[in-house]
Amino acid sequence: MEKEEKQLTDFITEDGSIFKTYLTAKVERRKAYKRSDPKRIESIIPGSITELFIQEGSRVRIGTPLLILESMKMENLIKSTVEGTIKNVFVEKGMHISKGTIMIELE
Amino acid sequence: MEKEISKMQERASAIKLGGGEAAIKKQNDLGKLTARQRIDALLDKDSFFEYDLFAKHEVHNFGMDKKNLPSDGVVTGTGTINGKPVCIFSQDFTVMGGSLGLTHARKIAKIMDYALKMKMPCIGINDSGGARIQEGVDAQAGYGEVFYRNAISSGVIPQISVILGPCAGGAAYSPALTDFVFVVENISKMFITGPAVIESVLGEKVSQEELGGARTHAEISGNAHFYALSEKECFEQIKTLLSYIPSSNDAKKEKQESFAPCFKGKIAEIIPNDPKQPYDVREVIKAVTDRSEFFEVHELFAKNIVVGFGRIEGETVGFVANQPLYLAGVLDCDAADKSAKFIRYCDAFNIPIVTLEDTPGCLPGIDQEHAGVIRHGAKLLYAYSEATVPKITIILRKAYGGAYVAMNSRHLGADFVFAWPCAEIAVMGPEGAANIIFGKEIKEAEDQEALRQAKIQEYKEKFANPYVAAEKGYVDAIIEPQETRKTLAYALRLSENKSELRPNKKHGLTPF
């Protein structure tokens, strides 16, 4: 059995009661939920930008092709899921990006 | 004849050297025993009887015809552990990295078939680089044959996986299909895709240890049930586990001699007076078991629930207990998975289940809901309802909301439900209930806080006790904490011949 050296923490349960308890490793590394924002388009996989169809100021509709992100030998066509105007393009053709990079911002 | 015998002995001892002395030294220098040393360390002295020592592969491609692979990289056989017969296979990393080819897999399959037919536990020691690529689809076929036998033997004989080296890709699924997985710090490595693949595909850097080391699987993924710091400690754990569990699902019950608990204090004193303060529920378990012994399963994973084996009057009992020391003992996805698997294990092998309940409900959170806490929680409900072994519940303190129902309540078919006098069986905690029921009144009151406290007190007195449930027969008896062991022993004796029939069906659809 392990030696406990952690501190007791206040822990709120579903009915709002507060208990003194230890946290588990998984709960300790819990991340706050982040709402996805359709106006900030991030890469969900690493890869290279092989085509860029829009530029800053372009008007886009739902389904307008934005760029092609080539990853794992697949060409992934990224389309807009909202209507709007391109505010920022953070990538350029030929660029290699990692996972979670903001590629395009709309307004 | 003498000549023939010595010839055979020569051949056998050459094969027994596996990959040779240099490879053995390399393995030992890594802090690892070899396949044969492990078998000797785990089994009773001189009890090992080896099968297929002379097995040979039949591959001709890629220069394999010139390769001599002693025993095809796996040692298989039978033996005893504390006198109990077991089947065992142990992959030999010194022979082509313990890689699995068709002959290797068929040796494993053969010993698994034997274990199933002869109704004895099957122990697999995994230490393999993976599929033997030179054998192509035959290697995949080999894995498939092992998986199939894992599934067919499930619930008939205990299946134990010991990860003492790499166990990557498809190979990792066999342990996942077995009942108990043992890992050792710095030695065990399990993953489906390794760090190199993850880095090249996703650009994410992670070490083998972080990704799929012993601690990761024992604490985070839950793939491992037992964690040890050395192979020696791991083998001791396996021996202890085997002392608790029967050799098959129709083995006759082995009752050992009954011993009084070593705990001599007052059980009630383990529980703090303030219901919001934690305590270690394992102390309650140890206060009622023979010699105060408790063998915990999944000790590091989902610590908010405790599961494991103990004995009461010599009989093995499976304990499931909420743990107020961690997360106040709430139920979450992992706790439900952990306890559901344990309950199903106990049910399959005729081990009575004792549930000690003290839970304020479920873990709230977006991550929990998105992880599917509904379907995970459903596993627990299903496992308790489905189980036909004697099922005894003792409500120690809190039993709120859905968690009250889930923790082997009368409504899910508990045979006995007892409560301590400090039990609070209610639809929710007093704070939450007062806010909902008297919300309007409290809002309109001049001194809101005073009224809230008064209403909380009123609710506590009316509902946060065991008497309402006892009036309705949901609780059979309210017992003094000091009588817990006596009551459990009585209930176990009473249910010795329990038989409960279920409607005939092919199988149920367990939530996944």
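In this predicted model, the largest nonpolar core holds 52 residues, and Ile123(B) and Phe309(B) touch the most other members. Helix H12 of chain B, residues 333-348, supplies the largest share of this core, with 7 residues. Two domains of chain B, domain 1 (2-243) and domain 2 (267-428 + 465-494), each contribute at least three residues to the core. In soluble globular proteins, nonpolar side chains tend to be buried together.

The surroundings of Ile123(B) may be examined next. When neighbours within four places in sequence are left aside, Ile123(B) is in contact with Leu42(B), Ile81(B), Val86(B), Cys87(B), Ile88(B), Phe89(B), Ile160(B), Val162(B), Ile238(B) and Leu242(B).

Attention now turns to a pair of helices. Two packed helices are described by the angle between their axes and the distance between the axes. In chain B, the axes of helix H16 (residues 430-437) and helix H18 (residues 448-463) come within 9 Å and cross at roughly 115°. Because angles of 65 to 115 degrees count as roughly perpendicular, H16(B) is described as roughly perpendicular to H18(B). Their crossing is right-handed. On the H16(B) side, the contact is made by Pro430(B), Glu431(B), Ala433(B), Ala434(B), Asn435(B) and Ile437(B); on the H18(B) side, Arg452(B), Lys455(B), Ile456(B), Tyr459(B) and Lys460(B) take part.

His104(B) lies in helix H4 of chain B, which spans residues 102-118. The relative accessible area of His104(B) is 0%, and therefore this residue is buried, the cut-off being under 20%. Not counting residues up to four places away in sequence, His104(B) touches Asp72(B), Gly73(B), Val74(B), Gln91(B), Gly98(B), Ser99(B) and Arg132(B).

Conventions
Residues are numbered from 1 along each chain as its sequence is written. Chains are lettered from A and ligands numbered from 1 in the order in which they are written. This is a predicted model: local features need pLDDT of at least 70, side-chain atom pairs count only at pLDDT 80 or more; totals for chains, interfaces and linings use all residues. Side-chain values use heavy atoms; hydrogens and water are left out. A nonpolar core is a set of buried Ala, Val, Leu, Ile, Met, Phe, Trp, Tyr and Cys residues joined through side-chain atoms within 4.5 Å. Buried means under 20% relative accessible area, exposed over 50%, partly exposed in between (1.4 Å probe, protein chains only). Helices (H or I, at least four residues) and strands (E, at least two) are DSSP runs, numbered from the N terminus. Domain bounds come from an automatic or database domain assignment. Contact means heavy atoms within 4.5 Å. Axes are lines fitted to C-alpha atoms, for helices over the stretch in contact, and angles run from 0 to 180 degrees between N-to-C directions. Angles under 35 degrees count as roughly parallel, over 145 as roughly antiparallel, 65 to 115 as roughly perpendicular and the rest as oblique. A crossing is left-handed if the near helix is turned anticlockwise from the far one by less than a right angle, and right-handed if clockwise.
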